[in-house]
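Q: I would like to learn how to read a few features of a protein model. Please take them one at a time.

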Amino acid sequence: MFPKTSPIITQSWKKLKAHFLTNSSVHMNDLFEQDPKRFEKFSIDFEDLLFDYSKNRITEETIALLVELAKECQLDKAIRALFEGEKINETEDRAVLHTALRTFSDEEIIVDNENITPLVLNERKRVKELCEQIYSGTWTGYSGKKIKNVVNIGVGGSDLGVAMVTEALKPYWEKGITPFFISNVDSANLLEVLEQINFEETLFIISSKTFTTLETSTNAESIKALFLEECKDDTFMHKHFIAVTGNKIAANEFGIPNENLFEIWDWVCGRFSLWGSIGMSIALTVGCENYEQLLKGANGADQHFKNEAFDKNIPILMGLLSIWYINFFNAQSEVVLPYAHNMSKFVAYLQQAAMESNGKNKDRNGNPIDYTTGVVVWGGAGTNGQHSFHQLLHQGMLFIPCDFIVPVNSKNKQADHQEKLLSNALAQPEALMKGRTLEEVEEIHEKTNQQINSFKVFEGNKPSNTILIKELNPYNLGSLLAFYEHKVFVQGVIWNIFSFDQWGVELGKELSTSKLKAIQKRKVDEKFDASTEGLLERVKTVSYLQ
């Protein structure tokens, strides 16, 4: 196992603090003027992706010091431990091997003395076989009709990733298949989907590692009851319900036979599980070939992360630049801006990947942390944000680094729309960097109204990365997702935290149980704090659920 080193005691951290004090006020405009080859030095090509990080408040010395920090924290050993299946999730005594789900090699990966590679490849084969049965019509609904609707019932990692990918890859949808997603325990989500489907033509995928998650089990039980009310024969369950779970006994008790069960293993972290059978709804929606391309793109990014030198390694640089801004510039948030309408769920997926992973206050030795870990991730798709929150990015008082994700080509054959989208996508990071001086404003506007002109001045010097993608296809999306996953891992290693548990999530689940009992019984038996008791009393008073 790699050492548990606090970053703030390293020599490179101390050097970075000194470097920050002498370089933090340097303007990027000056850096570009001083070095005509800055873009070449600070950009990396990877297959169909270009990672441009030249619009950052960095010099070659900054990158050298950040790389030195990664080496002092022994990131190389951490990467090996990740890929070799060591139990790096120590608080849960688990390996973290979502990368194994996208392997296309027969190379052995040993977990608890078992080679898991054949298990992964066999599950992928089973997913493909199911897809072929659905497409060919050999798998039908109880009335003999073809399956046309695929409903994924899950929450968190069993929902966000698959919903995001299917939407992002909408141009690749198979004809005759429509995906739906039920995640919220709010019945509005359930009823909204049920209004658009019929049971005869629908396959329900219950995605739950434990098969006990409140939201998922509640929605699944409600759908089961309505289904049986319609078809009046529980022997038809096998035609309409499958499960992806690690709890086969609970799935059997629900009524799903073993042949309809797909595996999610203990060594797969839920929020990074779309690469395995949890991605069933992706495979059914875009087809198995496209789903495999998604996996291959991620696998290609894995090899880049695993083998490339730190200073030429895209996810490592993404993670290090983020640490540079969070821990030295005191950035509290990062904004992600995909200029593609179908990527509207991308930011929500990244929020879970980053904030659930690295929102921690204890280091891997169990000691309280006295430096910042984690960051708020937010953003939005396309030019909509320019008419909403970009004003804060340009002239607000908060320091917010940005990621622009820009697919150059679109499957939609509207050239004028795409050209205008691209022009905006490239203009925004330029404007954030350059800003505008009073003299520049006065060249455009009248010099006589200096008071008004002063409001049109932009400081600039706002950092950003631009990820230029040839097109948003399954392979490139897989690579992009894997890069962001590895960025989170890099941050966790440097910060010396466990990125793959989520004990804070568990506390809320535990506390909700007693509140549920009080709401159901219409009285409070337990002693709560005054606020909670007051709220429960008001709920009882105004509730119409009698």
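Q: Is the crossing of H5 and H20 left-handed or right-handed?

A: The crossing of H5 and H20 is right-handed. A crossing is right-handed if the near helix is turned clockwise from the far one by less than a right angle, and left-handed if anticlockwise. Helices (H or I, at least four residues) and strands (E, at least two) are DSSP runs, numbered from the N terminus. This is a predicted model, in which local features need pLDDT of at least 70 and side-chain atom pairs count only at pLDDT 80 or more, while totals for chains, interfaces and linings use all residues. Residues are numbered from 1 along each chain as its sequence is written, and side-chain values use heavy atoms, with hydrogens and water left out.

Q: What angle do the axes of H5 and H20 make?

A: Two packed helices are described by the angle between their axes and the distance between the axes. Axes are lines fitted to C-alpha atoms, for helices over the stretch in contact, and angles run from 0 to 180 degrees between N-to-C directions. The axes of H5 (residues 75-83) and H20 (residues 474-495) cross at roughly 125° and come within 10 Å. H5 and H20 are therefore oblique to each other; angles under 35 degrees count as roughly parallel, over 145 as roughly antiparallel, 65 to 115 as roughly perpendicular and the rest as oblique.

Q: How many disulfides does a search of the whole structure find?

A: A disulfide is a pair of cysteine sulfur atoms within 2.5 Å. The search finds zero. For cysteine 131, the closest cysteine sulfur is in cysteine 288, at 3.4 Å, too far for a bond.

Q: Is lysine 232 buried or exposed?

A: Buried means under 20% relative accessible area, exposed over 50%, and partly exposed in between (1.4 Å probe, protein chains only). Lysine 232 is exposed, at 69%, and lies in the loop between H9 (214-231) and H10 (237-240). Asparagine 461 is buried, at 4%, in the loop between H19 (450-454) and E13 (464-471).
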